[in-house]
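Could you look over this structure with me?

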Amino acid sequence: MPRAIISPSVLASDFGQLTAECERMIVGGAEWLHMDVMDGHFVPNITMGAPILSCVHKKVPGIFMDCHMMVSEPEKWVDDIADAGGAMYCFHHEATKDPIALIGKIHKRNMKAGVAISPDTPSTAISDEVANAADMLLVMTVYPGRGGQKFIDRCVPKVAELRARFPEKDIEVDGGVGPKTIGVCADAGSNVIVAGTAIFGAPNPESVIQELKDVVNTAQAKAKST
Ligand code: DX5
Ligand code: ZN
């Protein structure tokens, strides 16, 4: 089973001091930083793009930027995000006609490729061919577009379906995840955990990061022993 990775979503951070916020999370035990890129088209909001990611990357060398691309034409931004230092380029399955070609383009720029599905997209929309080509699958547990929403339970079986098909793949959950909802995600087989509000809103982010990691590790140990 792939190892537990916590990826705090900077959408819940103070954007006025983004680099310091990223550093604070790394000090607190975060391995990845989840960078929510929104284009005002695929989703109604606009957040940040490659120029901001590039500044963060220059100030925080070695940062693993897990870029969640909530954009309409994901093909268009691969080069810019790669140049900005993106490590994971996770696009929405709903936004592209040719995921295999896009994954190829991402890999050519030495980034990992992720495929995200929104709550209304079934996990079976991700074919074996696409999943095998990708490095990570992201099951959204809220509708993409803003932070602080309520976790949608009916998305969880999609994680289990994907984990059954792809035992070794990184499977990420994103949206409304925190100490109260991590249990079902971990039991379903998710190992990459995005949390915005739950981590940035906590008085001790490091203890939330540790707690989320512990729950994933415990679920994995349980799954192994049965
Ligand atoms: C939603 C974003 C999420 C969001 C998570 O569109 O993709 O990454 O910021 O934030 P919380 O954990 O607050 O739901
Ligand atoms: Zn996200």
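1. His68 and Asp174 are both buried, a term that stands for under 20% relative accessible area with a 1.4 Å probe and protein chains only. Both belong to a predicted model, in which local features need pLDDT of at least 70, side-chain atom pairs count only at pLDDT 80 or more, and totals for chains, interfaces and linings use all residues. Residues are numbered from 1 along each chain as written, chains are lettered from A and ligands numbered from 1 in written order, and side-chain values use heavy atoms, with hydrogens and water left out.

2. The zinc ion (ligand 2) is held by His34 (NE2), Asp36 (OD), His68 (ND1) and Asp174 (OD) at 2.1 to 2.2 Å, where donors are N, O and S atoms within 2.8 Å of the metal (3.2 Å for Na, K and Ca). Along the chain, these donors follow the spacing H-x1-D-x31-H-x105-D. Because His68 lies in strand 3 (residues 65-70) and Asp174 in strand 7 (residues 170-174), the pair ties together parts that are 106 residues apart in sequence; strands here are DSSP runs (E, at least two residues).

3. Ser9 is found in the loop between strand 1 (5-8) and helix 1 (18-27), helices being DSSP runs of H or I with at least four residues. Because its relative accessibility is 6%, Ser9 counts as buried.

4. An unreviewed UniProt entry places the feature "binding site" at several residues, among them Ser9, His68, Gly145 and Thr197; such annotations may be inferred rather than shown by experiment.

Note on methods: Buried means under 20% relative accessible area, exposed over 50%, partly exposed in between (1.4 Å probe, protein chains only).
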